[in-house]
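Please keep the sequence and the model in view while reading.

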Amino acid sequence: MELITYPDRDLLMMSLADRIASELGQALRMAGRASLCVPGGTTPGPVFKTLAEVDLAWRDVAIFLNDERWLGEDSPRSNTRLLKEKLLQSKASEAKLIPLFNGANTPEEGIPDLTNGLLPHLPITVLLLGMGADMHTASLFPDGDNLNAALSADAPPLMAMRAANAGEPRITLTAPVLKAALHCHILITGPEKRAALERAADLPEDQAPIATVLKTATIHWAE
């Protein structure tokens, strides 16, 4: 685990965007394609805004979410909606969005088709994760109904997840997919998240799901 502390959030967001762009660019030059997996929520918005203006062969980049609420883009709680508004703009509008929602009645019903769409873009080239104060990441919640299965080495790439604080049913990438990412970054801000991260380092994965990626992750933190 590498922890980078920044003097302020603006510098964090700019530096992280530059790092991600550099890693994507390297993959594009070497392999001709790349994948970028990102969280929902508002925290990474400045990173997305900067990335959207970077000169990359975006048409050869697949972008997908760490997880998604099982609802359509007409909902303001849709991570896909936010992703389209914040990242898939300007130059990055040429990137290919890989969906994690397809309108099926339940995540379980939608997973087979969504998995088929995801598999060609694995392993993830660059993975950006967030973390909740409860030490969850993606939709791997400590009280998630399928957490232990999603943390197992033989978990399928996508699983449904329901938890008390999750609101809607979710679909999430599982631990093996997250661990296999070529580059892994975790974005956190504020003292509460820093304290949670330090606790997670000494806890088992079923109590602190973020621990599943800490060994290989670079953590980017600012007050």
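## Arginine 170 and its surroundings

The side chain of arginine 170 makes a polar contact of 3.5 Å with the side chain of aspartate 67, where a polar contact is a pair of N or O atoms within 3.5 Å, of which, within protein, one must be able to donate a hydrogen and the other to accept it, residues adjacent in sequence counting only if both atoms are side-chain atoms. This is a predicted model, in which local features need pLDDT of at least 70 and side-chain atom pairs count only at pLDDT 80 or more, while totals for chains, interfaces and linings use all residues. Residues are numbered from 1 along each chain as its sequence is written, and side-chain values use heavy atoms, with hydrogens and water left out.

A polar contact of 3.2 Å also joins the side chain of arginine 170 to that of serine 139. Arginine 170 belongs to strand β8 (residues 170-173); helices (H or I, at least four residues) and strands (E, at least two) are DSSP runs, numbered from the N terminus. With a relative accessible area of 7%, arginine 170 is buried, on a scale where buried means under 20% relative accessible area, exposed over 50% and partly exposed in between (1.4 Å probe, protein chains only). Leaving aside neighbours within four places in sequence, the residues in contact with arginine 170 include Glu68, Arg69, Trp70, Pro107, Phe141 and Met159, contact meaning heavy atoms within 4.5 Å.

## Pockets

Rolling a probe the size of a water molecule over the atoms shows where empty space is left. On a 1 Å grid over the protein atoms alone, a pocket is an open set of points where a 1.4 Å probe fits, with protein on both sides within 12 Å along at least five of seven lines, and lining residues have an atom within 4 Å of a point. Grid points are joined across faces, edges and corners, and a volume is the space filled by probe spheres set on the points. In the class counts, Ala, Val, Leu, Ile, Met, Phe, Trp, Tyr, Cys and Pro are nonpolar, Asp, Glu, Lys and Arg are charged, and the others, Gly among them, are polar.

| Pocket | Volume | Lining by class |
|---|---|---|
| Largest | about 460 Å³ | eight nonpolar, 11 polar and four charged residues |

The largest pocket has a volume of about 460 Å³. Of its 23 lining residues, Pro39, Gly40, Gly41, Gly130 and His136 are the closest to the centre. At least two lining residues come from each of β4 (67-69), α3 (79-86) and β9 (183-189), and β9 gives the most, with three.

The lining of the second largest pocket includes Arg33, Ser35, His121, Leu122, Pro123 and Leu182, and α1 (9-31) and β2 (34-38) each supply at least two of its residues.

## Two helices with a buried side

An α-helix has 3.6 residues a turn, so residues three or four places apart point the same way. In α4 (107-118), the buried residues are Pro107, Gly110, Ile111, Leu114, Thr115 and Leu118. Seen down the axis of α4, these fall within an arc of 140°, so they line one face of the helix; the arc is that of the directions from the helix axis to the C-beta atoms. The face of α4 turned away from this side carries the exposed residues Asp113 and Asn116, whereas β3 (61-65), β7 (158-161) and β8 are among what covers the buried residues.

In helix α7 (residues 191-200), Ala196, Leu197 and Ala200 are buried. They cover an arc of only 100° around the axis, which puts them on the same side of α7, and their cover includes β1 (2-6), β9 and β10 (218-222).

## Backbone angles

Most residues other than glycine have a negative phi, and most peptide bonds are trans. The peptide bond from leucine 122 to proline 123 is cis, with omega near 0°, and proline 123 lies in the loop between α4 and β6 (126-129).

Serine 90, in the loop between α3 and β5 (96-97), has a positive phi near 50° and is partly exposed, with a relative accessible area of 40%. Methionine 135, in the loop between β6 and α5 (147-151), has a positive phi near 70° but is buried, with a relative accessible area of 8%.
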